[in-house]
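Have the viewer open while you read.

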Amino acid sequence: MHDYVVVGAGSAGCVIAARLAEDPDVSVLLIDAGPPDSAPEIHVPVGLEQLWHGRFDWGFVSEPEPGLGDARLYLPRGRVLGGSSSLNAMLYVRGNPVDYDGWAAMGLSGWGYEDVLPYFKKAEDNEWGASFYHGSGGPLSVSDGRSRHRYAAAAIEASVQSGIERNDDHNGERQEGVGWFQVTQRNGRRCSTAQAYLAGAGENLEVLTDTFVSRVLLERGRARGVEVLRDGGPQAIGAQREVILCAGAYQSPALLLLSGVGPAHELGALGIDSVAELPVGRNLQDHPVVTLAWEADGESLSAAMTPANLDLYEREGRGPLTSSVVEAGAFLRTRDELEAPDIQLHFFPVALPGSHFGPPVAGHGYTIGPTLLCPSSRGSVTLRNALPHTKPRIVHNYLTTEEDRRSLFDGVRATLALASAPALREITRGELAVPRSDSDADIHEFVKQRTQTIFHPVGTCAMGSVVDAQLRVIGLEGLRVADASVMPTVPRGNTNAPTIMVAEKAADMIAGRAPLPPAERTAAAG
């Protein structure tokens, strides 16, 4: 019997387990279905796509997406110690202050920007050092990228030529503008939450890998532990104090549904008794990206794996093999009246295929991905049946609202304008994947063919509807959810840093510690 059982050793679970285990008087069990993160390919940044479609990836696939001509999208998620922080592009992006102030405006006390900034800083060990906006000495290494490809540099210069202001810190005083991204790397190598948080944990933290959790054990309105499938059959593992679900936006809701927490009529149809009527699995949000690609002179990242580059990486932790594949980008507003950016541009110094299912593109080129930051479309995660190993039914409903299409279409237009600026025109040799014209009809047809996930699902166990502001599952005791699924709206940017922040804050809540003092805002941060 452990005091705490944490389900999912990913971006949130590793943080929570390690922080709870800082108290030597409690015992913590961290469970993950995947293997340890010992494989060397996990730690070489540029090779992230090689981790998909294999043993480190859950390999989810969406249902036919009605807003994308019924296309089915590949949805990689980490199935390894470190979770998706062991598979992602390592971008350290927090979102915009208005995202968190919006949560507070929903009545979620303690989740405004001034409340969460101290937790971002607590996690962070930024090579820039400590400041009002950044932390130093935390577990998570944050650094400048050690690969700065000339294609990405050209995209930054083209952005400035197009009227986008230069911004060297998207997590600082303001988010809007163009610049290089910081990354969660240490000495040019991936710094997942497993690497950052678990290495120094005490003996009171036990980690079980290759162990599949099938449901939460609920008795008279309280979580008593979890059931795992191990050694050929089900086993019960008890939790004296709490069970904390950190399985992510697809699997935390699936676990709750399998345990009888969710819409009663849906569960009853599958033969599952309902113990708590909550909108579990609803409110799914994600950032869809459209990939536009051009042929360019010189070598792209597709030529990075050479003996010379491998030697540079192994000796100095530098060079193209340290690339996050998304080295730079921009945040912009497509309409002046917007209070914050609605589009993020990702600059890839490689020509990407139209689908995560697709083969690599022959030749050298670059890709720019306009990404919708504030989707009004909502999707869902539901069960197919009552068998735990069956993958859930996932539909995002990307671009099913006029508002979403308007913003993303204008983001495509901004990308086309950027590509025509002198700095990119100078290196461009031809078009690989662009709309036939900038008309709504041609852009819409292109978007349906070239939209993918950028891997930021949130919202399926949202605060205010499934969990309260303390992340406790409403109506039940001893059960919390603490991962990206609790975010009521998706932040404007990559979601790994916000997920780590949620976990840092959750650990204080669970342990009964006083929250960190709010930061006093000293400057506008639009």
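**Salt bridges and a helix pair**

E242 and R480 pair up through their side chains in a salt bridge, with 2.7 Å from N to O. E242 sits in strand β14 (residues 233-245) and R480 in strand β24 (residues 479-481), so this pair ties together parts that are 238 residues apart in sequence. Keep in mind that this is a predicted model.

**How buried is that pair?**

- E242 has 12% relative accessibility, so it counts as buried, the cut-off being under 20%.
- R480 counts as buried too, because its relative accessibility is 8%.

**Other salt bridges**

- Searching the whole structure turns up 29 salt bridges.
- One of them joins the side chains of D297 and R150, at 2.6 Å from N to O.
- That pair links distant parts of the chain: D297 is in the loop between β16 (292-296) and α8 (307-316), while R150 belongs to helix α4 (residues 150-161), 147 residues apart.
- D297 comes out as partly exposed because its relative accessibility is 23%, and R150, at 43%, is also partly exposed.
- E227 and R215 form a further salt bridge through their side chains, at 3.4 Å from N to O.
- Here E227 lies in strand β13 (residues 222-230) and R215 in strand β12 (residues 212-219), with the two residues twelve apart and the pair linking distant parts of the chain.
- Buried or exposed, what about E227? E227 is buried, since its relative accessible area is 18% and the cut-off for buried is under 20%.

**Helices α1 and α12**

- Helix α1 (residues 13-20) packs with helix α12 (residues 496-511) at an angle of about 35°, and their axes are 8 Å apart.
- The α1 and α12 crossing is right-handed.
- Which residues meet in this contact? From α1 there are V15, I16, R19 and L20, and from α12 there are I500, A503, E504, A506, A507, I510 and A511.
- Sorted by class, the α1 contact with α12 has nine nonpolar residues, two charged ones and no polar ones.

Terms used. Residues are numbered from 1 along each chain as its sequence is written. This is a predicted model: local features need pLDDT of at least 70, side-chain atom pairs count only at pLDDT 80 or more; totals for chains, interfaces and linings use all residues. Side-chain values use heavy atoms; hydrogens and water are left out. Axes are lines fitted to C-alpha atoms, for helices over the stretch in contact, and angles run from 0 to 180 degrees between N-to-C directions. Helices (H or I, at least four residues) and strands (E, at least two) are DSSP runs, numbered from the N terminus. A crossing is left-handed if the near helix is turned anticlockwise from the far one by less than a right angle, and right-handed if clockwise. Contact means heavy atoms within 4.5 Å. Ala, Val, Leu, Ile, Met, Phe, Trp, Tyr, Cys and Pro count as nonpolar, Asp, Glu, Lys and Arg as charged, and the others, Gly among them, as polar. A salt bridge is a side-chain nitrogen of Lys or Arg within 4 Å of a carboxyl oxygen of Asp or Glu. Buried means under 20% relative accessible area, exposed over 50%, partly exposed in between (1.4 Å probe, protein chains only).
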